[in-house]
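Hi,

Here's the structure I promised to pass along.

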Amino acid sequence: MPDLHSSLRRVRAALEDAGYTVAGVRELLGPVAGGALARDEIVPAVRATGGGSPLEALTRLFWLQVPVGAAALKGTADDLVAAGLAEASGGELRARLHVEPLESVTGDGHAGYAVSDLKVRPGSGAGPAADHVVGAGGASGNLARLVIHKPVDNVLDLGTGCGVQAVHLADASVRPRPARITATDVSPRALRLAAMSFALSGVDGVELLDGPLLEPVRERRFDLIVSNPPFVVAPSGRRFTYRESGLPGDEFCRRLVAEAPAHLTDGGHLQLLANWLHVDGTPWDERVGAWAEGSGCDAWIVQRDVQDPAEYAELWLRDSCETGTPEYRSRYGEWLDHFERLGITGIGFGWITLRKSGAARPAIRVEELRHAVEQPVGAYVDDVLNGFAAAREFSTVCGQVTLGAAAGITQEQIGPPGAEDPERIVLRQSGRLMRAAGIGTVEAALAGVCDGDIPLEPLLDAIAQLTDMDPGAVRAHATAVLPELIADGFFEVPRPD
Ligand SMILES: C[S@@+](CC[C@H](N)C(=O)[O-])C[C@H]1O[C@@H](n2cnc3c(N)ncnc32)[C@H](O)[C@@H]1O
């Protein structure tokens, strides 16, 4: 009987030799079958993978979860079975686990593999088990793309599940592989599958620890903590470990934000996805912003979506394949009762990034960004935080500072055709957060001339002269409006090297 590690090593080689990567499968399926699969329809994909090549067989076996003839994978079948990834009977192989290739967050390379429980498809008659280990989904990708690209030595993936975040953290095409990667979970099954993901991805030496929240890493500090936590706000107890923590409401995410900063090195980052409650009578941004107060960290909290209680209940009942089951109505009702009792009017979905700045007055920005932004955000998230910190300092040092207009901004002038002056001037970012801001003539003139070298004060005086305005009024106006434009990334304060 081959040992598990040797089997996984050979399986890894076979997966890579076959070209079982996201790009390989995408090309094999083409847009129509790929599109149907995104809607959970596998028929076109089954038809597109009938040629019998190893890539077609692996795609059918693991991606589509349909049996394949063992002959198509004859060199690998024994190892797939020995590793517990597949079972053989009657000359056929069936997947026992889901093996999913992961694309690099930059979209141009292969990061590794995630091993998880088989996908539970709607209408299959069975929902997920209580200890179901979920694969790399849309949320996993969102977090992986948010994570900073800066080199880090010592990282923690809290609630690792199938290990997808740790595999991305080790992707040397994004940043040098961290010297130490720690992954935690409360589910022993998740820890076992994560270990298989790491073996299939060639990521050695990951430390796997069992335990809730930050308990397994007491007294330890990390340069980066990432977590796609069990954030689902559910009516009672914990039914599914992969999505519910058992803590009430959004308490898990609040505690993570409150407690993780003590585990960060100076300058270290905490990045997580979260759900938060909109409670009747309390502005959501004040409530969630308060989580980061007293953390000693600059914080960027972004609401990407909001659902009303009914949409939220339907989403998670669909996720656990309970739509249309006999219990559906009563569970739906429980969810709504729960939200009504707590005065919950909606649930926000978003990103949280904290950076341990040690500043006496940390910069905390809570905002809603519902539109598409440039990906991966991790490539520029530190610049976003730098903008908030620079804006916080700006008001006190306005005169001495130099400013540069950020790269990739354009100016739009809107008004009736032929009019001498525009009714509105808009600065727009063509990349990154794709923000737009309505501005006045002073800021427009400044955006045209500031280059990061000439101090702001003479520039403002020149603008006052050109526009026939009082220099004091121009400076006061700049002091009032520039911090927001710096925080939003339209202007940059050059940082000392
Ligand atoms: C949504 S899954 C995330 C899996 C994976 N990291 C990803 O990005 O897709 C949440 C994970 O948190 C784990 N978990 C649940 N309760 C936890 C707790 N109290 N402390 C730490 N992890 C927990 C679950 O077992 C699950 O693996």
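W300 sits opposite R365 of β13, in a model that, bear in mind, is predicted. The strand to look at alongside β13 is β11, residues 297–307: the two run parallel and are joined by five bridges.

Zooming out, what order do the strands take in the open sheet of eight? Reading across, you get β8-β7-β6-β9-β10-β12-β11-β13, and the pairing is mixed. The edges are β8 (207–210) and β13 (364–368); each has a single partner strand, so one side of each has no neighbour in the sheet. On average, neighbouring strands here are turned by 20° against each other, ignoring direction.

Two helices to click on next:

- α9 (residues 251–259) packs on the sheet and touches β9 (222–227), β10 (264–279) and β12 (344–356). Its direction makes about 160° with that of β10.
- α13 (residues 381–394) also packs on the sheet, with contacts to β11, β12 and β13. Relative to the direction of β11, that of α13 is at about 115°.

Then there's α14, residues 441–449, where V442, E443, L446 and A447 are buried. Those four cover an arc of only 135° around the axis, which means they lie on the same side of α14. And what covers them? The cover includes the strands β14 (402–405), β15 (409–414), β16 (424–429) and β17 (436–439), along with the helices α15 (456–467) and α16 (471–487).

Cheers

Definitions and conventions
Residues numbered from 1 in each chain as written. Predicted model: local features only at pLDDT ≥ 70, side-chain atom pairs only at ≥ 80, totals over all residues. Pairing = 2+ DSSP bridges. Axes fitted to C-alpha atoms, helices over the stretch in contact; angles between N-to-C directions. Contact = placed C-beta atoms within 7 Å. Buried ≥ 20, exposed ≤ 12 C-beta atoms within 10 Å, placed from the backbone. Arc of directions from axis to C-beta.
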